[in-house]
Structures are given as C-alpha cells and as structure tokens.
Amino acid sequence: MIERPAAGERAVIVQLDFGQPDLADQLEELRLLTESAGGVVVAEVFGRRHGPDPKTFAGKGKVQEIAAMRAAGDADLVIFNHELSPVQERNLERELQCRVIDRTSLILDIFALRAASAEGKLQVELAQLEHLSTRLVRGWTHLERQRGGIGLRGPGEKQRETDRRLLGNRVKLLKERLCRLSRQRGVQRKARMRGDVLNVSIVGYTNAGKSTLFNALTHAGVYAADQLFATLDTTSRKLWVAGGGNIVISDTVGFIRDLPHALIDAFHATLEAANDADILLHVVDSANSAREEQMAEVDKVLAEIGAGQLRQLIVWNKIDLTEAVPGVERDEYGNIARVRLSARSGTGLDLLRESLAEYANIKSEARRKELAEAAREAQQDFI
C-alpha cells in the first residue's frame with residue numbers, strides 16, 4: 001500500500017458515462033466541487049462504459065489513460081464523480097500511485113471545511129466516521145496486525161477490530177450528543193410554533209443563491225460565495241414584513257444530486273428546520289441550464305426527510321443573468337406559486353416580501369378560526 005498523502009491540491013477528475021443524459025453538467029459540477037474543496041483541476045477524463053469494472057471501476061485501459069493524465073499534469077489526487085468501493089479505491093491507488101477519492105469523500109471534505117458551529121462539526125464528524133467504517137473492511141493491510149505487548153498478550157485483537165470498536169464507540173457518543181441538540185431544537189421550534197408567526201425555510205440546490213437571498217431579506221451577514229456548500233449551519237432570523245408582521249425565516253444547507261445518505265442522516269437535525277416550516281422558499285438558479293434537474297433533486301431530498309408535502313413558493317432567482325422581468329405567478333387556485341427576482345441586485349425583493357405577507361395573513365386567519373372554534377367547543381362542553 002502506498003503512503004497516503006495528507007492532502008491533494010492538483011487533481012485529475014474522472015466522469016464515466018453509464019447512459020446519463022447530462023454528462024457535461026455532471027463534469028462541470030465535479031469541477032466546482034473540487035474547486036470548492038481547494039483543489040485545482042489539471043485534467044479531465046471521461047469515457048463510456050456499460051457498467052463499472054468490479055476491480056478498478058474504470059477498466060484497465062481507462063486507468064492507464066488516467067495515469068498518463070496524472071503524470072502529465074503532475075497531479076497528486078484523482079477524484080471520481082462516482083461512489084467507489086473500498087477495494088476499488090485501494091486498487092486504483094496501487095495502479096495510479098496517488099491518492100484516490102470518490103464523490104462522497106469529496107463532499108464530506110467540503111462539509112468538514114465549511115462547518116462552523118459545534119453542531120455542524122459534530123454532524124460532519126459523524127458522517128465521516130460512518131463513511132470511514134466501510135473502509136475498514138478489507139481496506140488497509142496494516143489493520144491485520146495483531147496487537148501485542150505487556151497486558152495485551154493472549155487471544156489478541158486485530159488492529160482492524162480495535163479500530164472498528166473505537167470508531168463504533170465514537171459514533172455512538174456523537175449520535176447521543178446530536179440527539180440532545182435535536183431535542184433542544186425541538187423545544188425552541190415548538191415555542192415559535194405556538195403563536196401565529198409564519199415559519200419559513202429557504203431550501204434549494206447548492207449555489208442557487210439561498211444565503212444571498214437570506215442576507216438580502218434579513219441583513220444577517222451570513223457567509224455567501226459563488227461556490228458549492230458555502231454555508232452549512234442553519235441560521236434563523238425574525239423578519240418584519242409590511243402587512244404581515246413578524247415571521248421567522250431560516251437558511252438551510254444546500255442540496256446536490258446524489259447527496260450521500262450519511263450526510264442526510266447526520267444533518268437530519270439541521271434539516272428539521274425545513275420539515276417544521278409552514279412554507280418552503282425553494283430557491284432556483286434560473287440561469288442554470290440544469291435547473292429542472294436540480295429542482296427534482298431538491299424535491300427528492302425533501303421527500304427523504306419527510307418534507308415533500310409542504311407548500312413551496314418557487315423563488316426564480318438570478319433574473320439579472322437571464323434578462324427576465326421581476327414578477328409573481330399564481331396557480332389555478334389563486335395561490336402564489338413563483339416569484340421572479342434577483343437576490344444579488346435586489347430586483348423583485350419587494351414582491352417576495354408581499355408574497356410572504358400574504359401567506360402570513362393566511363396563517364394568522366387560519367389560527368384565529370382555530371382558536372374561535374376551540375372556544376366554541378369549550379363553551380358547549382361547559383353548558
């Protein structure tokens with residue numbers, strides 16, 4: 001087994017075509033992910049196969065091509081935009097003589113880089129450890145050594161078994177801490193939901209402009225940049241809108257296609273902010289040619305966390321790049337379905353505030369009717 005470098009800066013990215021219709025978009029997304037992790041893409045390798053090779057995923061000829069590109073670009077890292085098995089990862093590192101990671105490892109690395117809060121760091125560590133646990137099975141030869149020494153002689157315990165046990169203990173501890181934090185969040189959310197305040201969560205594909213919109217509405221100063229997963233931690237602020245009063249609005253982590261399930265599980269407490277919202281502001285990058293596919297990926301993740309049935313207000317963002325005019329679109333029932341705006345320039349933000357005020361009044365009226373009905377039933381019981 002080769003020595004695994006601490007980090008890689010110059011990278012060769014690999015995208016194989018197994019019949020996907022949007023290969024170019026996926027390759028561009030991989031490039032953006034690599035740059036978001038701090039890497040520099042020196043070469044791109046793509047090809048077509050009927051199915052993954054069980055040994056090296058890419059096949060012998062393609063591995064030789066990757067090796068040549070790596071040598072020509074003096075790269076020390078190869079990134080596959082696919083999920084590699086531990087054996088495939090190990091075999092590729094032997095063949096290419098450099099570090100090899102898959103899409104899941106790349107996204108986990110970005111999450112580790114971006115996590116700022118204590119809870120976010122715990123969630124990232126949990127996801128990383130659960131991903132690492134799959135690499136302990138037939139992964140590294142040094143894990144087969146028996147531990148020895150004074151106090152450790154006897155039946156013995158393989159290093160791999162020791163690492164797995166210690167890793168399991170750490171995972172259990174992290175889950176307990178996150179469970180406590182989740183309960184605390186639940187108490188805070190229930191306190192907010194007892195009133196008639198509208199709860200709004202901003203969701204969307206990563207880099208669609210969620211944090212920029214959040215800052216434009218609340219002046220919160222949340223970090224926003226033209227990169228994937230610029231922010232991870234959920235931030236909530238009160239927002240006063242004319243004609244609607246105070247509402248609570250939350251900025252959540254962005255979604256992406258093939259988001260690792262370990263991340264969805266680890267960030268479940270964070271994503272609960274979306275699950276408990278009255279309405280979701282689904283921010284869409286209208287200038288992106290793959291916007292329809294991105295919207296479908298967001299809906300898929302929302303369904304996984306139990307928020308698939310919540311009402312959505314589509315925010316058609318970045319109209320300054322498409323020369324579209326700001327406006328409001330309604331569905332066949334008269335409800336606001338889409339608002340066209342630019343969060344960066346502020347064009348159309350007043351339309352979004354008016355839309356939120358309308359929804360706040362709808363909730364307030366429903367709450368008033370609910371309380372009146374409860375009062376009538378209590379009076380009848382008393383009589």
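**Entry 1: Asp74**

I looked up Asp74 to start. Asp74 is exposed, with a relative accessible area of 59%. I am working from a predicted model throughout. Asp74 sits in the loop that runs between α2 and β3. I checked its backbone as well: phi is positive, about 50°, although Asp74 is not a glycine. Most residues other than glycine have a negative phi. I kept that in mind for the later entries.

**Entry 2: the chain as a whole**

I stepped back to the overall figures. The protein chain has 11 helices and 11 strands. Of its 383 residues, 48% are buried. I then took the contacts between residues at least 6 apart in sequence; 67% of these join residues at least 24 apart.

**Entry 3: helix α3**

How many residues of α3 are buried? I found 8 of 11, so I noted the helix, residues 86-96, as mostly covered, given that buried means under 20% relative accessible area. The buried residues are Pro86, Gln88, Glu89, Arg90, Asn91, Leu92, Glu93 and Leu96. I looked for what covers them. The cover includes α2 (60-72), β3 and β4 (99-101).

I picked Gln88 from this helix. Gln88 counts as buried, at 8% relative accessibility. I listed its contacts, leaving aside neighbours within four places in sequence. They are Asp53, Pro54, Lys55, Thr56, Phe57 and Glu83.

I also looked just past the end of α3. Gln97 takes a positive phi there, about 55°.

**Entry 4: α4 against α5**

Two packed helices are described by the angle between their axes and the distance between the axes. The axes come within 9 Å and cross at roughly 155°. The two helices are therefore roughly antiparallel to each other. The crossing of α4 past α5 is left-handed.

Which residues make the contact? From α4 I have Thr104, Ser105, Leu108, Phe111 and Ala112. From α5 I have Val124, Ala127, Gln128 and His131. I sorted them by class: 5 are nonpolar, 4 are polar and none is charged.

I took one more residue from α4, Ile110. Ile110 is buried, with a relative accessible area of 0%.

**Entry 5: the nonpolar cores**

In soluble globular proteins, nonpolar side chains tend to be buried together. I looked for where that happens here. The largest nonpolar core holds 35 residues. Ile79, Phe229, Phe255 and Leu302 have the most contacts inside this core. I listed the elements that give two or more residues to it: β1 (10-17), α1 (23-36), β3 (77-80), α4, α5, α8 (261-266), α9 (268-275) and α10 (291-304). Which element gives the most? It is α4, with 5 residues.

Not counting residues up to four places away in sequence, Phe255 touches Val203, Gly204, Tyr205, Thr206, Leu271, Val298, Val301 and Leu302. Another core, of 29 residues, lies apart from the largest one. Its members include Ala208, Phe214, Leu239 and Leu351.

**Entry 6: Glu297**

I turned to helix α10 and looked up Glu297 there. Is Glu297 buried or exposed? Glu297 counts as buried, at 18% relative accessibility; the cut-off for buried is under 20%. Its contacts are Tyr205, Ile256, Arg257 and Asp258, again without residues up to four places away in sequence. I noted Tyr205 among the contacts of Phe255 too.

Asn207 has a positive phi of about 70° and is not a glycine.

In α7, 8 of the 9 residues are buried, so the helix is largely enclosed by the rest of the structure. I wrote down the buried ones: Lys210, Ser211, Leu213, Phe214, Asn215, Ala216, Leu217 and Thr218. Phe214 is the residue I had already listed in the core of 29 residues. Just after α7, His219 takes a positive phi of about 55°.

Notes:
Residues are numbered from 1 along each chain as its sequence is written. This is a predicted model: local features need pLDDT of at least 70, side-chain atom pairs count only at pLDDT 80 or more; totals for chains, interfaces and linings use all residues. Side-chain values use heavy atoms; hydrogens and water are left out. Axes are lines fitted to C-alpha atoms, for helices over the stretch in contact, and angles run from 0 to 180 degrees between N-to-C directions. Helices (H or I, at least four residues) and strands (E, at least two) are DSSP runs, numbered from the N terminus. Angles under 35 degrees count as roughly parallel, over 145 as roughly antiparallel, 65 to 115 as roughly perpendicular and the rest as oblique. A crossing is left-handed if the near helix is turned anticlockwise from the far one by less than a right angle, and right-handed if clockwise. Contact means heavy atoms within 4.5 Å. Ala, Val, Leu, Ile, Met, Phe, Trp, Tyr, Cys and Pro count as nonpolar, Asp, Glu, Lys and Arg as charged, and the others, Gly among them, as polar. A nonpolar core is a set of buried Ala, Val, Leu, Ile, Met, Phe, Trp, Tyr and Cys residues joined through side-chain atoms within 4.5 Å. Buried means under 20% relative accessible area, exposed over 50%, partly exposed in between (1.4 Å probe, protein chains only).
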